[in-house]
Amino acid sequence: MPKTQTAPSSAPVIVLKDLRKRFGIGESEHYAIDGIDLTIEKGEFIAIMGPSGCGKTTLLNILGLLDSKIEGEYDLEERPVASLSSRRQAHIRSQQIGFIFQSFNLITRLSVIENVALPLIYKGVSQTTRLKQASAILHTFHLGEREYYMPYQLSGGQTQRVAIARALVNDPAIILADEPTGNLDSHASHIIMEELSDLHKRGHTIIMVTHNPRLTTYASRVITMLDGKIDTDTGAPKKKIDPNKKKPLNKLSKSSKKRLNRKKKASKA
Ligand SMILES: Nc1ncnc2c1ncn2[C@@H]1O[C@H](COP(=O)(O)OP(=O)(O)O)[C@@H](O)[C@H]1O
Ligand SMILES: [Mg+2]
């Protein structure tokens, strides 16, 4: 499994201000993203829903720096990233972002382990180390025995787990998933969602597009889009209360004090 992320700082991981993305020219010109303001905190698990064509994939591609011809502002970890050179963007992508696509996008002529090791090439890791790391992550996904299979020899669920392993091999802080279970049956979908849920618990920020309302139960925040805009947003979850941090007695409410006194009496009796 990837390392647990370092202690989260309070700064948001992603800030979008009046984000717009225009496609086409002349008559066919239109905004696929039409004024989005969005702040995403570290460690959120966001599900994005909305009808086909509302701009979900376009938004994910922008967040993943695959598309930087935008209007408005995009700050990633407090740094404006849209105007960086494509080389700088590719570098940031290789260090910080993992992609999981609906269509898996494994390279058919490469074995499972070679596919998973691929992102490490862009990081400049030596071949031996690449294969070692790929092998380690495949074992955590219980795919160790299939390292030298070719993609066509895998089931849909296995293929998507390989794709997730590939997205995670460089331990990215942010995981972007575009309908990651779109091609899977419900059993395989839930296995994938459990994997994502596990990554969320380890502190990764996850942004997932899905068509399936049932899968939003795994998310900490649900955003719906309509015509390139945010339609509804359940908002960032409130900061978690530390259960180990007990309130001092004088801060307890009257009813809590009564309950505590009752307990004391009961334990004496
Ligand atoms: N490369 C492109 N060129 C022109 N129009 C595009 C391109 N990509 C997406 N669009 C348009 O942008 C809109 C949003 O598309 P998309 O983000 O794929 O929606 P979704 O993922 O929500 O189904 C659609 O109207 C689509 O036709
Ligand atoms: Mg899409």
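This is a predicted model: local features need pLDDT of at least 70, side-chain atom pairs count only at pLDDT 80 or more; totals for chains, interfaces and linings use all residues.

1. The crossing in which H5 passes H6 is right-handed.

2. An open sheet is built from six strands in the order S6-S7-S8-S3-S9-S10, and its pairing is mixed. Its edge strands, each of which pairs on one side only, are strand S6 (97-100) and S10. From one strand to the next, the twist averages 20°. H1 packs on this sheet, where H1 touches strand S3 (45-49), strand S7 (174-178), strand S8 (205-209) and S9, and the direction of H1 makes about 155° with that of S8. H5 packs on the sheet as well, touching S6 and S7, with a direction that makes about 165° with that of S6.

3. At one end of that strand order, strand S9 (residues 221-226) and strand S10 (residues 229-233) run antiparallel and are joined by four bridges. Thr224 stands opposite Thr232 in S10, and Leu226 stands opposite Lys229 in S10. The two strands form a hairpin with two residues between them, and Asp227 in the turn has a positive phi of about 50°.

4. A further open sheet has four strands in the order S2-S1-S4-S5, with antiparallel pairing. Here strand S2 (30-40) and strand S5 (79-80) are the edge strands, each pairing on one side only. Strand S1 (residues 14-23) and strand S4 (residues 71-76) run antiparallel and are joined by five bridges, and Val15 stands opposite Asp75 in S4.

5. Which residues lie around ligand 1? They are Phe23, Gly24, Ala32, Gly50, Ser52, Gly53, Cys54, Gly55, Lys56, Thr57 and Thr58. By class, this shell has three nonpolar, seven polar and one charged residues. Its largest share, three residues, comes from helix H1 (residues 56-63), the helix that also packs on the sheet by touching S3, S7, S8 and S9.

Terms used:
Residues are numbered from 1 along each chain as its sequence is written. Chains are lettered from A and ligands numbered from 1 in the order in which they are written. A residue is near a molecule or strand if its C-beta atom, placed from the backbone, lies within 6 Å of it. Ala, Val, Leu, Ile, Met, Phe, Trp, Tyr, Cys and Pro count as nonpolar, Asp, Glu, Lys and Arg as charged, and the others, Gly among them, as polar. Two strands pair if DSSP finds at least two bridges between them. A crossing is left-handed if the near helix is turned anticlockwise from the far one by less than a right angle, and right-handed if clockwise. Axes are lines fitted to C-alpha atoms, for helices over the stretch in contact, and angles run from 0 to 180 degrees between N-to-C directions. Two residues are in contact if their C-beta atoms, placed from the backbone, lie within 7 Å.
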